[in-house]
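Colleague: I would like to learn how to read side-chain features in a model. Could we go through some cases one by one?

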Amino acid sequence: MTECISCWRLKDFVPGGGKRAYAALGAGEGWIADEAPSDTYLALVAAGRLVHPFVGRHEAAAAWVRDREWWWYVEIELAAAAPHETVELVFDGLDTFADIWLDGEVLGRADNMFRSWRFDVGSVATGRHHLAVCFHPPSIMTGSQPLPNWSVATDRITRSRRTAMRKAQFGWGWDWGPDLPTVGIWKPVRIERRRSPVVRSINFSTLAVDDGVARIAIDIDLTEATDVAIDLVSPSGAMVARTSRHGSGGLEMTVPDAQLWWTSDLGDQPLYTLVVRIDGADDYRRRVGIRTIVIDRSPDPDEPGTTFFRFVLNGVSIFAKGVNWVPAGSFVGAVAAGTYRDLLERAVGANMNMVRIWGGGIYEPDGFYDACDRLGLLVWQDFMFANGPDPDDDPAFLENVRAEVREQVARLRHHPCLAVWCGNNESHGIHWLQQELTGVSERHVGLVIYDEIIPAALGELDPVTPWWPSSPWGGPSPNSMRGGDVHNWTVWHGFPPVPDVELEGGYETVSEGVAFTRYQEDKARFVSEFGLQAAPALATLKRWMAPEDLALGCAGFLERIKDEADKAKAMMIPVTGLPQTVVDYVDYTMLAQSEGLKFGIEHYRRRKPHCSGALIWQHNDCWPCVSWSLIDYDGVAKAGWYAVRRAFAPVLASFRRDGDAVELWITNDTLAPVNDVATVTSTRFDGGESEWRHQVQIHLAANCSVCVWRGLAADAVDRLITVRSRYDVFPANRLLLSPVKDLALASDPGLAATCSSNAVALHVTLSTDRYALAVQLTAEDPALRFTDNHFDLATGEEQIVTVTNANGAPIHPSHIAFACWNQREPKPLPDA
């Protein structure tokens, strides 16, 4: 039996003041009502003590919160344990340094945000009891000794001391996130009563599938030894396998006619139910999937001296198309389940099959992984270590890490979506860079965690799921294009590429050095980070910013850009030119991001199988800002999201240009051959007669990428090259022959719209008299969803866009505007 404890009160004190004020007993005035799980900042906002830190320039005004002592208090009803009964008080997540008090006495302590904590309260007398949690400021809990640091990286350690605590690293500020370290009860609290042994965790691994028969390994962890019966129930409800054992340990079963779990782009996601019975009663159920997954690192025979890095799912080598995931809100205890569902469904909607959970955030809640199982999204799971030399000389700290790792592996290991465990984000790479740039060889602080603690836990608890020590890692040096995975920050940050072992060239800041066209130099095996920044929707900025701050160069606007603002200028100069207003900035950065991501993805996919993955940095935001995200904090998809959806289509037609030489490539990620006719046309922007048109017969095998046509095209401002599929096998695509800023586009292309509607949707038909670049629909309501947006329309072409509201609210055409790059003044849609 489980009873959740959700109605709490909270209050702050100077450090040490709560005990003297009898906060453990709920004494005194000034307590704020709140629910758990929740967030202290938001409780203060609701109570009127704090302006929301995301509003205007109020991030800095919330800095005092981290230095206070916070007490959370509640009265609970407890009953003494019956004979042979266990009663525990369970905290699934406390953030971070906390003392747990019961009736004025310390019951226990917590010091890790990523662990759960259990306390036996079976001997407590029946009746009402005082329960309190005291959260101490991290600044007084991590000592004062200097922490290891790397001089070549941005110093996010000295002030925050973030590596000395097991707490979400991003909360101390990142180059896309605010400095708002959280505090409080961020996961559920409950009272658990049980009379018999229970299952702590279970693993379900597919060892092999031969001729439709799956061999399954199961590992079960019980609170105490007892007889257990284990059934596997098919998606249709039929019992397909049964076994039993006594106590914790491993066993195997076979499943005939196994239904395999696939990513969303390759097949279905049948989920079986694993049922564990103790004493004849249903005790534990988990949804599981049958699938094999390995990483192929064999030599690449066509590129000597290199190795593959490709995920092999059910014996099929796949191209990983996806994104990096950061926490969906700075206040992680208050992220709604619907937010997770929406963001993950839109990842699949953009033709993605993988999401990487970045190591500076959090281990996401169970519902996240359940959704990935259901949707067919593979998960690259970092352990929560990022961009720092994590101390590995303190036995107590290492024991804390060991417990964290074991708990998270045990919690997540059964999910079919789990593709790889990764030790950290960029720590190996930065350590290598430190040595390269300083010429000083030093011990890599943190290797005890990555080389000993994590591998030992995985070897015992999850020996089947692939393990990867760091990202990037795997070549002759970290970030080498010859093997493993690469973070490409040559584009945007100007980081020198590593074609072989050494850095090539120096850091770049000028436009030519950071331009997205440099993606074509990248010969990486797997690109696990790359991206460009763009502003969020203008309406998103207006919801969170003061009107006077919506000006370029204004301090309030610059606070929304946590990276160096001049990097966006370097990106825009060769593509769109520089903006004059914030409205320009939104349009220019969105177009530059979408063009850059399109260029990069097409390059990486053409290189299949030599390159086998492209994970964009980043999918989402934790607050309303200018960042690399595809979807802004309010849930509005940027132009880049739509460009990525087209570039990640299962079958892609893309152009490669080298001087005047042009190639058309077809990339087929499906498991079926492609037969089609592609029409390649030199198209005039003014609608004049085409200079030439070619019909290209396509007969392409499954799961490959091939050049199917070659031609010539000189630079031009009055025309472009397009490709279209006769049988709608792939989305139409185009090759611009000059930068966007130089194109001779009609200033009034005659873009027009008509509308029709029904009970659930608005249907918008857009048409144009002359070529319209980057046609867009915009709205104030962030809940509106468009079936397509930010697309080109050729002369005389029409496109129908269906608009729905994620909240089910009515849709008013007059609240939606339409425009395009060459007709940028938005016009409201006409009535339906």
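Colleague: Leaving aside its neighbours within four places in sequence, which residues is Glu 797 in contact with?

Modeller: Bear in mind that this is a predicted model. Apart from residues within four places in sequence, Glu 797 touches Arg 724, Leu 766, Ser 767, Thr 768 and Asp 792. Glu 797 itself is placed in the loop between strand 45 (791–793) and strand 46 (798–805). With one of those partners, Arg 724, the Glu 797 side chain makes a side-chain polar contact at 3.4 Å.

Colleague: What about Phe 685: is it buried or exposed?

Modeller: Buried means under 20% relative accessible area. Phe 685 has a value of 2%, so it is buried. Its place is the loop between strand 36 (674–684) and strand 37 (693–700). Beyond four places in sequence, its contacts include Val 717, Asp 718, Arg 719, Leu 720, Tyr 771 and Thr 795. Lys 608, by contrast, is 77 residues from Phe 685 in sequence and 33 Å from it in space, C-alpha to C-alpha.

Colleague: How many aromatic pairs does a search of the whole structure find?

Modeller: The search finds 45. Take Phe 309 and Trp 380, whose ring centres are 6.3 Å apart with 40 degrees between the planes, a tilted pair. Phe 309 is in the loop between strand 22 (293–296) and strand 23 (310–313), while Trp 380 is in strand 27 (residues 378–382), so the pair ties together parts 71 residues apart in sequence. Phe 309 is buried at 0% relative accessible area, and Trp 380 is buried at 0% as well.

Colleague: And how does the pair of Phe 383 and Trp 421 read, stacked or tilted?

Modeller: Planes under 30 degrees apart count as stacked. Phe 383 and Trp 421 have 20 degrees between their planes and 5.1 Å between centres, and they form a stacked pair. Phe 383 is in the loop between strand 27 and helix 5 (395–412), and Trp 421 is in strand 28 (residues 418–422), 38 residues away. Both Phe 383 and Trp 421 are buried. Rings can also group: Tyr 41, Phe 54, Phe 331, Trp 544, Trp 623 and Tyr 633 make one aromatic cluster.

Colleague: Which ring does the charged end of Arg 166 sit over?

Modeller: That ring belongs to Phe 385, and the distance to its centre is 4.1 Å. Arg 156 is another case, lying over the face of Trp 174 at 5.4 Å from the ring centre.

Colleague: How many salt bridges does the structure hold?

Modeller: It holds 61. In one of them, the side chains of Lys 569 and Asp 566 meet at 3.5 Å, N to O. Both residues are in helix 11 (residues 566–572), three residues apart, about one turn of the helix. Lys 569 is partly exposed at 42% relative accessible area, whereas Asp 566 is exposed at 51%.

Colleague: Where do Arg 719 and Asp 718 stand, buried or partly exposed?

Modeller: Their side chains meet in a salt bridge of 3.1 Å, N to O. Arg 719 counts as buried at 17% relative accessibility, and Asp 718 as partly exposed at 27%. Salt bridges can also share partners: Glu 88, Asp 92, Arg 118, Arg 190, Glu 192 and Arg 194 are joined into one network in that way.

Colleague: Which residues of helix 4 (residues 366–375) are buried?

Modeller: They are Phe 368, Tyr 369, Ala 371, Cys 372, Asp 373 and Leu 375. Gly 376 follows helix 4 and has a positive phi, near 85 degrees.

Definitions and conventions:
Residues numbered from 1 in each chain as written. Predicted model: local features only at pLDDT ≥ 70, side-chain atom pairs only at ≥ 80, totals over all residues. Heavy atoms only, no water. Phe/Tyr/Trp six-rings, centres within 6.5 Å; stacked < 30°, edge-to-face > 60°. Helix = DSSP H or I, 4+ residues; strand = E, 2+ residues; numbered from the N terminus. Buried < 20%, exposed > 50% of the residue type's maximum accessible area, 1.4 Å probe, protein only. Lys NZ or Arg CZ within 6 Å of the ring centre and 35° of its normal. Polar contact = N/O pair within 3.5 Å; in protein donor to acceptor, adjacent residues only side chain to side chain. Contact = heavy atoms within 4.5 Å. Salt bridge = Lys/Arg side-chain N within 4 Å of Asp/Glu carboxyl O.
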